[in-house]
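Please go through the structure below with this briefing at hand.

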Amino acid sequence: MDSKEKKELSEIDICDLFITPAIKDAGWDQFTQIRREVTLTPGPVIVRGNMSSRNKKKKKFADYVLQREAGVPIAIVEAKDNKHTVSHGMQQALGYADILHVPSAFSSNGDAFAGHNKLAPITGQETETQFPLESFPTPAELWQRYKSYRGIEDDEEELVTQPYQDDGSGKEPRYYQAEAINRVIEAVAKGKKRLLLVMATGTGKTYATFQIIWRLWKAKKAKRILFLVDRNILADQTLVNDFKPFGSVMTKIKNRKIDPSYEIYLGLYQALTGPDEEDKIFKNVSQDFFDLIVIDECHRGSAAEDSAWREILDYFSDAIQLGMTATPKETEYVSNISYFGDPVYTYTLKQGIEDGFLAPYKVVRIDIDKDVLGWTPPAGMTDDLGQAIEQRTYNQSDMDRILVLNQRTKLVAKCVMELLNATDPYAKTIIFCEDIDHAERMRVAIVNAAGKVATDNPKYVMRITGDSVEGKAELDNFIDSESKFPVIATTSELLTTGVDAKTCKLIVLDKNIKSMTTFKQIIGRGTRIEEEHNKYYFTVMDFKKATELFKDPDFDGEPVVIYEPGSGDDPVPPDPPDDDPDDGVKEESGVYKVQISGVEVRILAKRVEYLGPDGQMVTESYRDYSKNQIQSEYASLDDFISKWNSTKKKEVIIQELEERGITLANLAQEVGKEYGDFDLICHIAYDMPPLTRKERADNVKKRNYFTKYGEQARAVLESLLDKYADEGITTIESPRVLKLQPFDRMGTPMEIINNAFGGKKHYEQAVQELEQELYYQDKSA
């Protein structure tokens, strides 16, 4: 093949004809070691108003990931077509190599390879070199380089390459999951016994835990394993979901007995210990019984010297102990970092949102007058039971803990239902309240505010708290993506952690929260993306300034919008952009609350803010965002019209805008669905008055443009014009359009193209001229 022909080949052709064969010839197995077209990250979700789309420009997509075994990546290869230089893709490859923490990156255009070796400076070699296609490194060479880079010794290799569990579905761990799993296995191979893994809620901690346990168990590094949790539902979820492949060797510890005939144990720490010596059943087995103990959500007290979990860990002190958490805790009183050591790997909420694996969120901040300004009862005033009210000023921290203003509870419920009714009345919602009494009053207020939808189904809203048998019985239905009811759960503590509510779209905070750890856990209830149920982002509605914690440098995932509506304002957010271990007063028996029905309350303030690219809060709508993005691509209207008219397929421009997070269908909802893509862009970005698709089609017909064509061609073009008026420009550009009505009555696509236009070239020219006529009046703009 000569160089001219080679330059006409696509990137895929270059891969198939030159790059892949060269890698295979070096000894790489095509099926187990060469992964093609690997999506490392899907790109972040952009949220504006009630609309969301992915920013595909920020998607990370590797042409080749070379791996030693499944789940153990060791090199990246980036391909380009032959119009580019050999090393053109190197910067891209290095970016992906950094993500995967691998030392080898390569680029090729099909002529040769460019290679980057991160270990080269240590060995006195050149970091970047070029070499012929036939000289690509062998798997053994790159594996040795990887081992040196990661500090893996020869005697550790067997454990480090222990295969992942493969369920046959083709599921691959996400890049950060594989890195987390591999880092733990590498640390264990080095003999480390105390390990900490930090992964944000919703990033698959339990899946990672399973693969770690599976690989250590299969390698016989750990024969008996204990997975410790502190919620019954966490153990039950794990048993039937991620850990199912363990089958008959796995058991859940119950009836205060550890049966030695199993190998994998799921244990509620309350089932293993207690205040009395006879409750400490973990002492019924020898101290070397467990080889590995994994502590889920280890920030919740396990590292405290006096905690029940710490007692279990001390007893089995010779076991490998792995702490799993979303929120590392380091305070004057509690430190899991000092117990377990620095994390072997960390994947934060912020990283998850930037990568597009976790849902971004909007914040609706609502300030109530009596909370912010305070309320002092008139002299001699009594509460609803006739008791005298202490004469002092009550403020936000008192609300629903000491002082209950019934009108306030009703106002909160009204705000929640206004937002749900304006978006989706069946969006799963968690309302966090001060205590069980507050959660029950909120349930009643929601029932009354919801009206018919709550009376039609008594389970529309449920109080799910530790004391409610009926509520806890509905917990499985609440977290089940397929179950419609309950829609709203009112709670105080039960749902703050660990419960996997994938479709939760609204989190309401009517609870004083001072602890960053608790706040992160609550936010984590909504961070899962559930594409199947159209859940790409969630909303936090805050009545007690809990979201002030977003400003804390310890918080690592900023909101996309903060909204503070005033009284009478639209409840839907408009379009964007010191750690106290006591989380408020827990409900105590005998605490008297002042309850008053007749005091009016109202919403005070409104402020709309979005997080800008520089990290500062700015005001920006979906419309503003689209305008800025379009203008950054096309500086002027002339630039855009020139590009539009010179681009053969308008769909190319539309796809480029989508990669920037602009979905024209979303803009059409704002401006009008009757406008075409061209007019939407010109109107939004350059303030041009838009014409509807029908108006543009009628203008073409008035100019008698079709007279130069024969009767059959004229009929086809007139029908194409009608299709444009109904559906838009991309429909008439598609070659499939001739299979649709009314063209199917005119003949096959090939017959229409040949008989009416004299061939494909003339047909495509006629369609391009038709498009030019559609935008005729804009040529001189």
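Buried means under 20% relative accessible area, exposed over 50%, and partly exposed in between, with a 1.4 Å probe and protein chains only. Tyr460, at 0% relative accessibility, therefore counts as buried. This is a predicted model: local features need pLDDT of at least 70, side-chain atom pairs count only at pLDDT 80 or more, and totals for chains, interfaces and linings use all residues. Residues are numbered from 1 along each chain as its sequence is written, and side-chain values use heavy atoms, with hydrogens and water left out.

**Cysteines**

- A disulfide is a pair of cysteine sulfur atoms within 2.5 Å.
- The count by this rule is zero disulfides.
- Cys15 has 2% relative accessibility, so Cys15 counts as buried.
- Cys433 has 0% relative accessibility and is buried too.

**Aromatic pairs**

- Rings of Phe, Tyr and Trp (its six-membered ring) pair if their centres lie within 6.5 Å; planes under 30 degrees apart count as stacked, over 60 as edge-to-face and the rest as tilted.
- The structure holds 39 aromatic pairs.
- Tyr176 and Tyr347 are stacked, because their ring centres are 3.8 Å apart and their planes stand at 5°.
- Helices (H or I, at least four residues) and strands (E, at least two) are DSSP runs, numbered from the N terminus.
- Tyr176 lies in helix α7 (residues 175–189) and Tyr347 in strand β15 (residues 345–347), so this pair ties together parts that are 171 residues apart in sequence.
- Both Tyr176 and Tyr347 are buried.
- Tyr426 and Tyr460 make an edge-to-face pair, with 6.2 Å centre to centre and 85° between the planes.
- Tyr426 sits in the loop between α15 (406–422) and β18 (428–432), and Tyr460 in the loop between α17 (452–456) and β19 (461–463), so the pair ties together parts that are 34 residues apart in sequence.
- Is Tyr426 buried, exposed or partly exposed? Tyr426 is partly exposed, because its relative accessible area is 35%.
- Ring pairs also link a cluster of Phe210, Trp214, Trp217, Phe227, Phe243 and Phe246.

**Charges over rings**

- A charge sits over a ring if NZ of Lys or CZ of Arg is within 6 Å of the ring centre and within 35 degrees of the ring normal.
- Lys6 places its charged end over the ring of Phe18, 4.1 Å from the ring centre.

**Salt bridges**

- Side chains of opposite charge can pair when their charged atoms come close.
- A salt bridge is a side-chain nitrogen of Lys or Arg within 4 Å of a carboxyl oxygen of Asp or Glu.
- The structure holds 42 salt bridges.
- Arg392 meets Glu390 in a salt bridge at 3.8 Å, N to O.
- Arg392 has a relative accessible area of 25%, so Arg392 is partly exposed.
- Glu418 and Lys414 form a salt bridge, with the closest N and O atoms 3.8 Å apart.
- Glu418 and Lys414 both lie in helix α15, four residues apart, about one turn of the helix.
- Glu418 is partly exposed at 33% relative accessibility, and Lys414 is partly exposed at 47%.
- Arg696 and Asp679 meet in a salt bridge at 2.6 Å, N to O.
- This pair links distant parts of the chain: Arg696 is in helix α26 (residues 693–702) and Asp679 in helix α25 (residues 677–686), 17 residues apart.
- Arg696 and Asp679 are both buried.
- Salt bridges with shared partners join Asp371, Asp400, Arg408, Glu434, Asp435, Asp437, Arg441, Asp510, Lys544 and Lys593 into one network.

**Sheet**

- Two strands pair if DSSP finds at least two bridges between them.
- Six strands form an open sheet in the order β1-β4-β5-β6-β7-β8, with mixed pairing.
- β1 (34–41) and β8 (128–132) stand at the edges, each with a single partner strand, so one side of each is left without a neighbour in the sheet.
- Strand β7 (residues 112–117) and β8 run antiparallel, joined by five bridges.
- Which residue of β8 is the bridge partner of His116? The partner is Glu128.

**Helix α17**

- Val453 is found in helix α17.
- Val453 counts as buried, because its relative accessibility is 18%.
- Val453 and Pro425 are 28 residues apart along the chain, and their C-alpha atoms are separated by 8.4 Å.
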